[in-house]
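Reader: I'm new to looking at protein models. Could you walk me through this one, step by step?

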Amino acid sequence: MTESPSESVSLVNDDKYCSIIATIPEIPIEIVSHEEMALLEAALLSARSCLSSSSSSSAIPALRSSRFHTHVRSVHYITALSKRGFSGSNEPDMEDLGDFGSTQKKTRLPDSFLLRFRKKKGLSVTDITSTEWCEKQMEYILLGKPRKVNRAMKKGSARHAKLEEEVVKKVKVSVESVEDRWALKLLNFIIGVNQLLFEGLTRELPLISYVEGIWMVGVIDEIRMPVAETGRSPLLVDTKTRVRRTLPSDPQRRNGRLQLMCYKRMWDNLVADNFPTKKFFDYFSLNPYNMLSEDIIERTANLGFPAKTLEDVLRYYSNTCSILPPAQDQMLLRYESQQDNSVLGEDHFAYDFDWLEKQIHGCLEFWHGEREASYTPEEERWKCQFCQFASVCPTNANLDSSSLSPTNSTPSSPTSSSPSSPTNSTPDDKPSS
(Lines give C-alpha, C1' and ligand atoms only; values in the text may rest on other atoms or scores of the structure.)
Protein backbone atom coordinates (compact mmCIF):
# COMPACT_ATOMS: atom_id res chain seq x y z
CA MET A 1 0.00 0.00 0.00
CA THR A 2 1.31 3.43 -0.85
CA GLU A 3 2.20 5.42 2.25
CA SER A 4 0.32 8.62 2.76
CA PRO A 5 1.95 11.93 3.59
CA SER A 6 2.84 12.45 7.22
CA GLU A 7 0.19 13.83 9.53
CA SER A 8 0.27 15.76 12.80
CA VAL A 9 0.74 14.01 16.11
CA SER A 10 0.46 15.80 19.44
CA LEU A 11 2.87 15.05 22.27
CA VAL A 12 2.68 16.36 25.80
CA ASN A 13 5.55 18.64 26.78
CA ASP A 14 7.24 16.12 29.07
CA ASP A 15 7.18 13.49 26.27
CA LYS A 16 5.41 10.94 28.48
CA TYR A 17 2.28 10.91 26.40
CA CYS A 18 1.28 11.34 22.80
CA SER A 19 -1.95 12.47 21.22
CA ILE A 20 -2.41 11.88 17.54
CA ILE A 21 -4.46 13.56 14.82
CA ALA A 22 -4.64 12.29 11.28
CA THR A 23 -6.68 12.22 8.11
CA ILE A 24 -7.07 9.67 5.36
CA PRO A 25 -5.69 10.13 1.84
CA GLU A 26 -8.41 11.06 -0.65
CA ILE A 27 -9.56 8.26 -2.94
CA PRO A 28 -9.77 9.17 -6.62
CA ILE A 29 -13.35 9.25 -7.98
CA GLU A 30 -14.27 8.45 -11.54
CA ILE A 31 -16.85 10.88 -12.92
CA VAL A 32 -19.60 9.19 -14.92
CA SER A 33 -21.21 11.00 -17.83
CA HIS A 34 -24.96 11.02 -18.50
CA GLU A 35 -24.45 8.75 -21.53
CA GLU A 36 -22.51 6.24 -19.47
CA MET A 37 -25.16 6.41 -16.78
CA ALA A 38 -27.85 5.58 -19.32
CA LEU A 39 -25.90 2.47 -20.42
CA LEU A 40 -25.40 1.40 -16.80
CA GLU A 41 -29.09 1.79 -16.08
CA ALA A 42 -30.09 -0.17 -19.15
CA ALA A 43 -27.74 -3.00 -18.20
CA LEU A 44 -28.99 -3.13 -14.64
CA LEU A 45 -32.64 -3.03 -15.65
CA SER A 46 -32.02 -5.77 -18.19
CA ALA A 47 -30.38 -7.93 -15.55
CA ARG A 48 -33.27 -7.33 -13.20
CA SER A 49 -35.76 -8.28 -15.90
CA CYS A 50 -33.90 -11.50 -16.62
CA LEU A 51 -33.83 -12.44 -12.97
CA SER A 52 -37.51 -11.74 -12.41
CA SER A 53 -38.50 -13.94 -15.39
CA SER A 54 -36.32 -16.84 -14.35
CA SER A 55 -38.00 -20.25 -13.98
CA SER A 56 -36.18 -21.02 -10.71
CA SER A 57 -37.53 -20.36 -7.21
CA SER A 58 -39.34 -17.02 -7.08
CA ALA A 59 -38.04 -15.93 -3.67
CA ILE A 60 -34.42 -15.63 -4.71
CA PRO A 61 -35.00 -13.71 -7.99
CA ALA A 62 -37.30 -11.30 -6.17
CA LEU A 63 -34.60 -10.57 -3.65
CA ARG A 64 -31.98 -10.08 -6.31
CA SER A 65 -34.31 -7.84 -8.27
CA SER A 66 -34.73 -5.62 -5.21
CA ARG A 67 -30.98 -5.38 -4.83
CA PHE A 68 -30.51 -4.36 -8.44
CA HIS A 69 -33.12 -1.64 -7.98
CA THR A 70 -31.27 -0.36 -4.94
CA HIS A 71 -28.03 -0.31 -6.87
CA VAL A 72 -29.58 1.79 -9.61
CA ARG A 73 -30.39 4.49 -7.09
CA SER A 74 -26.96 4.14 -5.50
CA VAL A 75 -25.19 4.70 -8.81
CA HIS A 76 -27.21 7.90 -9.32
CA TYR A 77 -26.18 9.17 -5.91
CA ILE A 78 -22.50 8.31 -6.39
CA THR A 79 -22.54 10.24 -9.62
CA ALA A 80 -23.78 13.34 -7.80
CA LEU A 81 -21.05 13.01 -5.23
CA SER A 82 -18.39 12.56 -7.90
CA LYS A 83 -19.45 15.84 -9.50
CA ARG A 84 -18.97 17.89 -6.37
CA GLY A 85 -15.25 18.34 -6.98
CA PHE A 86 -12.22 17.73 -4.79
CA SER A 87 -12.45 20.70 -2.44
CA GLY A 88 -12.85 18.48 0.62
CA SER A 89 -16.50 19.37 1.11
CA ASN A 90 -18.68 16.57 2.43
CA GLU A 91 -21.89 17.78 0.82
CA PRO A 92 -23.00 17.65 -2.83
CA ASP A 93 -23.48 20.90 -4.67
CA MET A 94 -26.95 22.43 -4.75
CA GLU A 95 -26.87 22.47 -8.55
CA ASP A 96 -26.25 18.73 -8.56
CA LEU A 97 -29.26 18.09 -6.38
CA GLY A 98 -31.39 20.30 -8.60
CA ASP A 99 -30.24 18.46 -11.72
CA PHE A 100 -31.41 15.21 -10.18
CA GLY A 101 -34.90 16.54 -9.68
CA SER A 102 -35.26 17.66 -13.29
CA THR A 103 -33.67 14.74 -15.14
CA GLN A 104 -34.69 11.83 -12.91
CA LYS A 105 -38.20 12.60 -11.71
CA LYS A 106 -38.74 9.15 -10.20
CA THR A 107 -35.33 9.03 -8.53
CA ARG A 108 -34.91 10.80 -5.21
CA LEU A 109 -31.87 11.07 -2.99
CA PRO A 110 -32.13 8.11 -0.64
CA ASP A 111 -32.19 8.01 3.12
CA SER A 112 -32.02 10.63 5.84
CA PHE A 113 -29.53 13.44 6.37
CA LEU A 114 -27.77 11.18 8.88
CA LEU A 115 -27.20 8.40 6.35
CA ARG A 116 -26.55 10.74 3.42
CA PHE A 117 -24.01 12.99 5.11
CA ARG A 118 -22.76 11.32 8.29
CA LYS A 119 -22.50 7.68 7.32
CA LYS A 120 -19.15 6.24 8.46
CA LYS A 121 -18.42 9.55 10.20
CA GLY A 122 -20.79 9.78 13.13
CA LEU A 123 -22.85 12.76 14.25
CA SER A 124 -20.66 15.46 15.77
CA VAL A 125 -21.57 17.59 18.75
CA THR A 126 -21.23 20.53 16.35
CA ASP A 127 -24.03 18.97 14.27
CA ILE A 128 -26.24 18.83 17.34
CA THR A 129 -25.58 22.38 18.52
CA SER A 130 -25.92 23.76 14.99
CA THR A 131 -29.25 21.97 14.61
CA GLU A 132 -30.47 23.39 17.92
CA TRP A 133 -29.43 26.88 16.79
CA CYS A 134 -31.40 26.70 13.54
CA GLU A 135 -32.47 23.55 11.72
CA LYS A 136 -33.12 25.41 8.48
CA GLN A 137 -29.59 26.83 8.48
CA MET A 138 -28.22 23.33 9.11
CA GLU A 139 -30.26 22.05 6.16
CA TYR A 140 -28.82 24.71 3.84
CA ILE A 141 -25.29 23.78 4.93
CA LEU A 142 -25.88 20.06 4.37
CA LEU A 143 -27.31 20.68 0.91
CA GLY A 144 -24.16 22.28 -0.37
CA LYS A 145 -23.90 25.78 1.09
CA PRO A 146 -20.66 25.85 3.12
CA ARG A 147 -20.64 27.78 6.36
CA LYS A 148 -18.63 30.97 6.08
CA VAL A 149 -15.76 31.38 8.50
CA ASN A 150 -15.34 34.97 9.66
CA ARG A 151 -12.45 36.74 11.32
CA ALA A 152 -13.83 36.24 14.82
CA MET A 153 -14.06 32.50 14.30
CA LYS A 154 -10.48 32.36 13.00
CA LYS A 155 -9.22 34.28 16.03
CA GLY A 156 -11.15 31.95 18.31
CA SER A 157 -9.64 28.88 16.68
CA ALA A 158 -6.18 30.40 17.06
CA ARG A 159 -6.84 30.96 20.77
CA HIS A 160 -7.87 27.32 21.23
CA ALA A 161 -4.74 26.19 19.42
CA LYS A 162 -2.69 28.33 21.79
CA LEU A 163 -4.37 26.77 24.82
CA GLU A 164 -3.68 23.31 23.44
CA GLU A 165 -0.01 24.14 22.89
CA GLU A 166 0.33 24.89 26.60
CA VAL A 167 0.02 21.18 27.36
CA VAL A 168 0.95 19.39 24.12
CA LYS A 169 3.40 19.63 21.26
CA LYS A 170 2.98 18.24 17.77
CA VAL A 171 5.15 15.88 15.75
CA LYS A 172 4.52 13.91 12.56
CA VAL A 173 3.20 10.41 12.01
CA SER A 174 2.21 8.60 8.82
CA VAL A 175 -1.14 6.94 8.25
CA GLU A 176 -1.93 4.40 5.57
CA SER A 177 -5.53 3.35 6.15
CA VAL A 178 -8.84 4.28 7.71
CA GLU A 179 -7.97 1.87 10.53
CA ASP A 180 -4.86 3.94 11.20
CA ARG A 181 -6.95 7.06 11.46
CA TRP A 182 -9.33 5.58 14.01
CA ALA A 183 -6.47 4.01 15.94
CA LEU A 184 -4.95 7.47 16.30
CA LYS A 185 -8.23 8.93 17.56
CA LEU A 186 -8.47 6.23 20.20
CA LEU A 187 -4.81 6.66 21.13
CA ASN A 188 -5.42 10.40 21.50
CA PHE A 189 -8.06 9.62 24.09
CA ILE A 190 -5.89 7.12 25.97
CA ILE A 191 -2.96 9.52 26.16
CA GLY A 192 -5.10 12.49 27.11
CA VAL A 193 -6.74 10.50 29.92
CA ASN A 194 -3.33 9.47 31.25
CA GLN A 195 -2.32 13.12 31.29
CA LEU A 196 -5.55 13.97 33.11
CA LEU A 197 -4.99 11.30 35.77
CA PHE A 198 -1.36 12.17 36.43
CA GLU A 199 -1.34 15.93 35.89
CA GLY A 200 -4.93 16.89 36.59
CA LEU A 201 -5.51 18.60 33.24
CA THR A 202 -5.84 17.77 29.57
CA ARG A 203 -7.15 19.65 26.54
CA GLU A 204 -8.65 18.87 23.13
CA LEU A 205 -9.64 15.34 24.13
CA PRO A 206 -11.40 13.41 21.33
CA LEU A 207 -14.53 11.44 22.20
CA ILE A 208 -16.51 8.80 20.35
CA SER A 209 -19.53 7.28 22.02
CA TYR A 210 -22.71 5.37 21.20
CA VAL A 211 -25.69 7.49 22.31
CA GLU A 212 -29.38 7.03 21.53
CA GLY A 213 -28.61 4.43 18.87
CA ILE A 214 -26.14 6.61 16.94
CA TRP A 215 -22.40 7.22 16.99
CA MET A 216 -21.47 10.65 18.30
CA VAL A 217 -18.06 12.28 18.02
CA GLY A 218 -16.58 15.41 19.53
CA VAL A 219 -13.55 17.09 21.07
CA ILE A 220 -13.69 18.44 24.63
CA ASP A 221 -11.91 21.77 25.09
CA GLU A 222 -10.63 21.03 28.57
CA ILE A 223 -11.01 18.51 31.39
CA ARG A 224 -9.83 19.16 34.93
CA MET A 225 -9.39 16.56 37.65
CA PRO A 226 -9.76 18.15 41.11
CA VAL A 227 -7.10 16.85 43.50
CA ALA A 228 -8.39 18.28 46.78
CA GLU A 229 -11.52 16.15 46.86
CA THR A 230 -11.71 12.56 48.06
CA GLY A 231 -14.04 11.63 45.23
CA ARG A 232 -12.21 12.67 42.07
CA SER A 233 -14.56 13.34 39.19
CA PRO A 234 -13.58 15.15 35.97
CA LEU A 235 -14.85 18.70 35.45
CA LEU A 236 -15.75 19.46 31.82
CA VAL A 237 -14.83 22.97 30.67
CA ASP A 238 -15.39 24.86 27.43
CA THR A 239 -13.79 28.22 26.58
CA LYS A 240 -15.44 30.63 24.15
CA THR A 241 -13.92 33.91 23.00
CA ARG A 242 -15.90 37.04 22.17
CA VAL A 243 -15.16 40.08 20.03
CA ARG A 244 -16.74 42.61 22.39
CA ARG A 245 -16.42 42.64 26.14
CA THR A 246 -19.98 41.49 26.78
CA LEU A 247 -21.59 38.28 27.97
CA PRO A 248 -23.60 36.06 25.60
CA SER A 249 -27.34 36.09 25.06
CA ASP A 250 -29.57 33.40 26.53
CA PRO A 251 -29.75 31.38 23.27
CA GLN A 252 -25.95 31.40 23.00
CA ARG A 253 -25.55 30.32 26.61
CA ARG A 254 -28.16 27.60 26.11
CA ASN A 255 -26.29 26.36 23.05
CA GLY A 256 -23.00 26.25 24.94
CA ARG A 257 -24.62 24.33 27.77
CA LEU A 258 -26.02 21.83 25.29
CA GLN A 259 -22.52 21.29 23.95
CA LEU A 260 -21.02 20.47 27.35
CA MET A 261 -23.98 18.30 28.36
CA CYS A 262 -23.47 16.25 25.18
CA TYR A 263 -19.84 15.72 26.18
CA LYS A 264 -20.85 14.54 29.64
CA ARG A 265 -23.40 12.13 28.17
CA MET A 266 -20.74 10.72 25.85
CA TRP A 267 -18.13 10.50 28.63
CA ASP A 268 -20.50 8.78 31.08
CA ASN A 269 -21.53 6.26 28.42
CA LEU A 270 -17.89 5.35 27.87
CA VAL A 271 -17.02 4.89 31.53
CA ALA A 272 -20.16 2.76 31.98
CA ASP A 273 -18.63 0.33 29.47
CA ASN A 274 -21.31 1.12 26.92
CA PHE A 275 -19.20 0.77 23.77
CA PRO A 276 -20.60 -1.81 21.31
CA THR A 277 -17.41 -2.95 19.62
CA LYS A 278 -19.00 -4.92 16.79
CA LYS A 279 -21.33 -2.05 15.92
CA PHE A 280 -18.31 0.26 15.86
CA PHE A 281 -16.44 -1.91 13.35
CA ASP A 282 -19.56 -2.46 11.23
CA TYR A 283 -20.80 1.13 11.12
CA PHE A 284 -17.45 2.62 10.17
CA SER A 285 -16.55 -0.33 7.88
CA LEU A 286 -13.36 -1.14 9.78
CA ASN A 287 -11.23 -4.28 9.75
CA PRO A 288 -10.21 -4.95 13.37
CA TYR A 289 -7.35 -7.19 12.25
CA ASN A 290 -5.81 -4.82 9.73
CA MET A 291 -2.15 -4.18 10.54
CA LEU A 292 -1.46 -0.61 11.58
CA SER A 293 1.29 1.43 9.96
CA GLU A 294 4.83 0.73 11.16
CA ASP A 295 5.02 4.27 12.50
CA ILE A 296 1.99 3.77 14.74
CA ILE A 297 3.15 0.33 15.91
CA GLU A 298 6.52 1.78 16.88
CA ARG A 299 4.99 4.72 18.75
CA THR A 300 2.53 2.59 20.73
CA ALA A 301 5.39 0.31 21.78
CA ASN A 302 7.43 3.31 22.94
CA LEU A 303 4.45 4.59 24.93
CA GLY A 304 4.10 1.32 26.83
CA PHE A 305 1.03 -0.23 25.24
CA PRO A 306 2.17 -2.11 22.13
CA ALA A 307 -0.54 -2.53 19.51
CA LYS A 308 -0.42 -3.98 16.01
CA THR A 309 -4.08 -3.86 15.03
CA LEU A 310 -7.09 -1.62 15.61
CA GLU A 311 -8.54 -4.37 17.81
CA ASP A 312 -5.46 -4.11 20.05
CA VAL A 313 -5.89 -0.35 20.37
CA LEU A 314 -9.61 -0.71 21.12
CA ARG A 315 -8.80 -3.14 23.93
CA TYR A 316 -6.52 -0.53 25.55
CA TYR A 317 -9.23 2.06 24.95
CA SER A 318 -11.86 -0.03 26.74
CA ASN A 319 -9.50 -0.74 29.65
CA THR A 320 -8.80 2.97 30.00
CA CYS A 321 -12.50 3.84 30.06
CA SER A 322 -13.15 1.20 32.74
CA ILE A 323 -10.97 2.98 35.31
CA LEU A 324 -12.57 6.39 34.85
CA PRO A 325 -15.31 7.91 37.03
CA PRO A 326 -18.35 9.70 35.59
CA ALA A 327 -17.94 13.41 34.91
CA GLN A 328 -19.16 15.93 37.46
CA ASP A 329 -22.75 17.10 37.20
CA GLN A 330 -21.44 20.65 37.51
CA MET A 331 -19.91 22.07 34.32
CA LEU A 332 -18.17 25.29 33.36
CA LEU A 333 -18.43 27.64 30.38
CA ARG A 334 -15.72 30.32 30.26
CA TYR A 335 -16.02 33.49 28.17
CA GLU A 336 -12.85 35.34 27.16
CA SER A 337 -12.24 38.60 25.34
CA GLN A 338 -10.49 38.22 22.00
CA GLN A 339 -8.73 41.51 22.66
CA ASP A 340 -6.57 40.42 25.59
CA ASN A 341 -7.80 36.91 26.58
CA SER A 342 -9.18 38.30 29.85
CA VAL A 343 -12.07 36.40 31.42
CA LEU A 344 -15.39 38.14 30.87
CA GLY A 345 -17.42 35.72 32.92
CA GLU A 346 -17.98 32.10 33.87
CA ASP A 347 -21.18 30.10 33.66
CA HIS A 348 -21.35 27.34 36.25
CA PHE A 349 -24.36 25.13 35.65
CA ALA A 350 -25.72 21.68 36.47
CA TYR A 351 -26.28 18.76 34.15
CA ASP A 352 -29.94 18.28 33.23
CA PHE A 353 -30.44 14.77 31.86
CA ASP A 354 -34.13 15.18 30.98
CA TRP A 355 -33.57 18.47 29.14
CA LEU A 356 -30.64 16.99 27.23
CA GLU A 357 -32.69 13.95 26.19
CA LYS A 358 -35.41 16.22 24.84
CA GLN A 359 -32.86 18.26 22.86
CA ILE A 360 -31.14 15.19 21.39
CA HIS A 361 -34.44 13.54 20.45
CA GLY A 362 -35.64 16.69 18.71
CA CYS A 363 -32.34 16.94 16.85
CA LEU A 364 -32.49 13.30 15.75
CA GLU A 365 -36.01 13.74 14.37
CA PHE A 366 -34.47 16.18 11.89
CA TRP A 367 -31.41 14.03 11.14
CA HIS A 368 -33.47 10.85 10.74
CA GLY A 369 -35.79 12.61 8.29
CA GLU A 370 -38.85 12.14 10.49
CA ARG A 371 -39.95 15.74 9.86
CA GLU A 372 -39.05 18.84 7.88
CA ALA A 373 -36.51 21.33 9.19
CA SER A 374 -38.07 23.84 11.56
CA TYR A 375 -37.36 27.58 11.60
CA THR A 376 -35.92 29.68 14.38
CA PRO A 377 -38.69 30.55 16.86
CA GLU A 378 -40.21 34.01 16.55
CA GLU A 379 -38.61 35.33 19.73
CA GLU A 380 -35.15 34.38 18.41
CA ARG A 381 -35.67 35.58 14.86
CA TRP A 382 -32.91 38.17 15.42
CA LYS A 383 -30.51 35.36 14.51
CA CYS A 384 -31.61 35.81 10.89
CA GLN A 385 -29.86 39.19 10.78
CA PHE A 386 -26.55 37.36 10.97
CA CYS A 387 -27.34 34.28 8.87
CA GLN A 388 -25.75 33.96 5.45
CA PHE A 389 -28.90 32.26 4.13
CA ALA A 390 -31.36 34.92 5.33
CA SER A 391 -32.02 36.29 1.84
CA VAL A 392 -33.12 32.89 0.49
CA CYS A 393 -34.82 31.50 3.58
CA PRO A 394 -38.64 31.27 3.24
CA THR A 395 -39.16 32.55 6.77
CA ASN A 396 -37.87 35.96 5.65
CA ALA A 397 -39.87 36.15 2.42
CA ASN A 398 -41.89 39.13 3.62
CA LEU A 399 -38.99 40.99 5.15
CA ASP A 400 -36.60 43.49 3.65
CA SER A 401 -33.74 41.33 2.37
CA SER A 402 -31.22 44.18 2.62
CA SER A 403 -31.79 44.42 6.36
CA LEU A 404 -31.04 40.70 6.73
CA SER A 405 -27.83 40.61 4.75
CA PRO A 406 -24.96 39.35 6.92
CA THR A 407 -21.64 41.15 7.05
CA ASN A 408 -18.14 39.75 7.30
CA SER A 409 -18.00 40.51 10.98
CA THR A 410 -21.26 38.85 11.91
CA PRO A 411 -21.79 35.19 12.68
CA SER A 412 -23.84 32.49 11.00
CA SER A 413 -23.46 29.59 13.41
CA PRO A 414 -24.41 28.88 17.01
CA THR A 415 -20.97 29.41 18.41
CA SER A 416 -20.37 32.53 16.40
CA SER A 417 -23.68 34.25 16.83
CA SER A 418 -25.00 37.56 17.97
CA PRO A 419 -27.36 38.23 20.83
CA SER A 420 -30.58 40.11 20.59
CA SER A 421 -29.45 43.62 21.36
CA PRO A 422 -27.08 45.73 19.25
CA THR A 423 -25.02 46.62 22.31
CA ASN A 424 -24.40 42.97 22.97
CA SER A 425 -23.70 41.77 19.45
CA THR A 426 -20.65 39.68 20.14
CA PRO A 427 -19.89 36.45 18.35
CA ASP A 428 -18.48 33.44 20.05
CA ASP A 429 -15.51 32.00 18.33
CA LYS A 430 -15.02 28.39 17.44
CA PRO A 431 -17.50 25.88 16.06
CA SER A 432 -18.06 23.19 18.65
CA SER A 433 -17.00 19.66 17.85
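This is a predicted model: local features need pLDDT of at least 70, side-chain atom pairs count only at pLDDT 80 or more; totals for chains, interfaces and linings use all residues.

Reader: Where does Lys 120 lie?

Author: The backbone is worth a glance here: phi of Lys 120 is near 65°, a positive value in a residue other than glycine. As for its place in the chain, Lys 120 sits in the loop between α4 and β3 (123-124).

Reader: Is Asp 273 buried or exposed?

Author: Asp 273 also has phi near 65°, a positive value in a residue other than glycine, and is found in the loop between α9 (250-271) and α10. Exposed means over 50% relative accessible area. Asp 273 has 61%, so the word for this residue is exposed.

Reader: How do the rings of Phe 113 and Phe 117 count: stacked, edge-to-face or tilted?

Author: A search of the whole structure turns up 20 aromatic pairs. In this one the ring centres are 5.9 Å apart and the planes of Phe 113 and Phe 117 meet at 35°. Planes under 30 degrees apart would be stacked and those over 60 edge-to-face. With 35°, the pair of Phe 113 and Phe 117 is therefore tilted.

Reader: Which helix holds Phe 113 and Phe 117?

Author: Both Phe 113 and Phe 117 are buried. They are four residues apart, about one turn of the helix, and that helix is α4 (residues 113-117).

Reader: How many residues apart in sequence are the parts that Trp 182 and Phe 284 tie together?

Author: The rings of Trp 182 and Phe 284 have centres 4.5 Å apart and planes at 50°, so this pair is tilted. Trp 182 is buried at 5% relative accessible area, and Phe 284 is buried at 2%. Trp 182 lies in helix α8 (residues 178-199), while Phe 284 is in the loop between α10 (277-283) and α11 (294-303), so the parts they tie together are apart in sequence by 102 residues.

Reader: How far apart are the end C-alpha atoms of α8?

Author: Let's work out what to expect. At 1.5 Å a residue, the 22 residues of α8 should span 32 Å. The model agrees with that, because the end C-alpha atoms of α8 are apart by 31 Å.

Reader: Which residue forms a salt bridge with Lys 136?

Author: Lys 136 also lies over the face of Tyr 140, at 5.8 Å from the ring centre. The closest N and O atoms are 2.7 Å apart, and the partner of Lys 136 is Glu 139.

Reader: How many residues apart are Arg 257 and Asp 347?

Author: Their side chains meet in a salt bridge, with Arg 257 and Asp 347 at 2.9 Å, N to O. Arg 257 is in helix α9 and Asp 347 in strand β9 (residues 343-350), so to speak distant parts of the chain, linked by this pair. Arg 257 is partly exposed at 29%, whereas Asp 347 is buried at 9%.

Reader: Which ring does Lys 383 lie over?

Author: Lys 383 belongs to a salt-bridge network with Glu 132, Arg 254 and Glu 380. Lys 383 is also placed over a ring face, at 4.0 Å from the ring centre, and that ring belongs to Trp 133.

Conventions: Residues are numbered from 1 along each chain as its sequence is written. Side-chain values use heavy atoms; hydrogens and water are left out. Rings of Phe, Tyr and Trp (its six-membered ring) pair if their centres lie within 6.5 Å; planes under 30 degrees apart count as stacked, over 60 as edge-to-face and the rest as tilted. Helices (H or I, at least four residues) and strands (E, at least two) are DSSP runs, numbered from the N terminus. Buried means under 20% relative accessible area, exposed over 50%, partly exposed in between (1.4 Å probe, protein chains only). A charge sits over a ring if NZ of Lys or CZ of Arg is within 6 Å of the ring centre and within 35 degrees of the ring normal. The expected span of a helix is 1.5 Å times one less than its number of residues. A salt bridge is a side-chain nitrogen of Lys or Arg within 4 Å of a carboxyl oxygen of Asp or Glu.
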